[in-house]
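Visitor: Hi, could you walk me through this one? I'd like to ask things as they come up.
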Amino acid sequence: MPFSIPEIELMEPGHTACHGCGATLAMRYVLKGMGDHTVVSVPAACWAVIPGAMPNRTLDVPMVYTPFAATGAVISGLRGALDIQGNKDWNVVGFAGDGGTADIGLQSLSGAMERGHNVFYIMYDNEAYMNTGVQRSGSTPYGAETTTTPVGKERNFKKQQKKVVADLMMAQGVPYVATATIAYPEDLIRKIENAKKINGPKFIQILSPCPTGWYYPPEKSVEISRLAVQSGIFPLFEYSNGIMKVTKPSKPVSIREYLSMQKRFAHLNNNDIESIQKGVDERMDFLLSKEREGKTLNKSSQ
Ligand SMILES: Cc1ncc(C[n+]2csc(CCOP(=O)(O)OP(=O)(O)O)c2C)c(N)n1
């Protein structure tokens, strides 16, 4: 069925983000899917400064700033308070960066998901601690240069694989887990709308390119986001109550094409790129095996 993007705008045009910031588009699209009965909780991160200082503001929904590690706990509390007030129809959304999710906020996220609150947790993944100057996070991919993994003589780029929080959430049994990115707004908003139908915890990881920290020209954010999907390095999927749907790349491109657009990968040699390709292939196999498992599950429950 054709899908039209909701016209509602809950994010005003003025904000203090860098030019080309992927995380601003992520917020705009998320709110289009959520609607105006929404409270957003944001920890220390770029999004803590993007709305601007009072009396200016970017968002037309209530927003609660929280300590860096506390998003999961705060959305649990907001949900409880709204329910007591009889506001069960309000959406409670945690909107946190990858540092605030994969690293310092992981226990709080995991607790909120395990307790089963009816909340959304959106991880906007720009693959480093951007607000404080591009330090590596658990979600920074293998091979990336950051200010804490500077290349120099030692070729000291990030040597560990990306910690994929969406996979941790599936392993934990979260009923709705999805990935999305700003190049495909229809897909992103449809996922928010599907997630809204689930009364329980929902986790969506949105790849949000960052020109400042990935070192590329700001007008390339959407293109890079599209190449992330088409090269397979950031596969799109939706995992709902044990059933996995993977979106296979419609116009596949090589991983080299994606990497070569960003200076954070400029130092990589052929061996490095081959090893990244291997990781990409293995992850796609893992997701497709989940898809097959879901089909078996579906059949046996009929
Ligand atoms: C306990 C604590 N440690 C460190 C900081 C400093 N700090 C503020 S924002 C930030 C980076 C956040 O990174 P991420 O969660 O990836 O979001 P992004 O900045 O990329 O949007 C850090 C380290 C803090 N506010 N609180």
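Guide: Happy to. One definition to begin with: two residues are in contact if their C-beta atoms, placed from the backbone, lie within 7 Å.

Visitor: Thanks. And what sort of model is it?
Guide: This is a predicted model, where local features need pLDDT of at least 70, side-chain atom pairs count only at pLDDT 80 or more, and totals for chains, interfaces and linings use all residues. Residues are numbered from 1 along each chain as its sequence is written.

Visitor: Let's start with Leu109. Which residues is Leu109 in contact with, leaving aside its neighbours within four places in sequence?
Guide: Those are Thr71, Gly72, Thr101 and Tyr121. Leu109 itself is found in helix H5; helices here are DSSP runs of H or I with at least four residues, strands are runs of E with at least two, and both are numbered from the N terminus.

Visitor: Is Leu109 buried or exposed?
Guide: Leu109 is buried, because 28 other C-beta atoms lie within 10 Å. The cut-offs: buried takes 20 or more other C-beta atoms within 10 Å of the residue's own, exposed 12 or fewer, and partly exposed is in between, with C-beta atoms placed from the backbone.

Visitor: What does H5 pack against?
Guide: Helix H3 (residues 71-84) packs with helix H5 (residues 106-115) at an angle of about 35 degrees, and their axes are 6 Å apart. Axes are lines fitted to C-alpha atoms, for helices over the stretch in contact, and angles run from 0 to 180 degrees between N-to-C directions. On the H3 side the contact includes Thr71, Gly72 and Ile75, and on the H5 side Ser108, Leu109 and Arg115 are among the residues.

Visitor: Now the sheet. In what order do the strands run?
Guide: The order is S2-S1-S3-S4-S6-S5-S7-S8, an open sheet of eight strands with mixed pairing. Strands S2 (63-66) and S8 (243-247) are at the edges with a single partner strand each, so one side of each has no neighbour in the sheet. From one strand to the next, the twist averages 20 degrees.

Visitor: What counts as pairing?
Guide: DSSP has to find at least two bridges between the two strands. Strands S4 (residues 120-125) and S6 (residues 202-207), for instance, pair in the parallel sense over six bridges, and Met123 has Gln205 in S6 as its bridge partner. Helix H9 (residues 221-230) packs on the sheet, touching S5 (176-181), S6 and S7 (236-240).

Visitor: And how covered is S1?
Guide: Strand S1 (residues 38-43) is mostly covered, with six of its six residues buried. Thr38, Val40 and Val42 point one way, while Val39, Ser41 and Pro43 point the other. S1 pairs in the parallel sense with S3 (residues 91-97) over four bridges, where Val39 stands opposite Val92. S1 also pairs in the parallel sense with S2 over four bridges, and there Val42 has Tyr65 as its bridge partner.

Visitor: Switching topic: how many residues surround the ligand?
Guide: There are 15, and the closest are Ala44, Cys46, Gly97, Gly99 and Asn131; a residue counts if its C-beta atom, placed from the backbone, lies within 6 Å. Helices H2 (46-49) and H4 (99-103) are the elements giving two or more residues to that shell.

Visitor: Last one: what about the whole protein?
Guide: Its secondary structure comes to eleven helices and eight strands. Buried residues make up 46% of the 302 residues, and the C-alpha trace spans about 60 × 55 × 40 Å along its principal axes.
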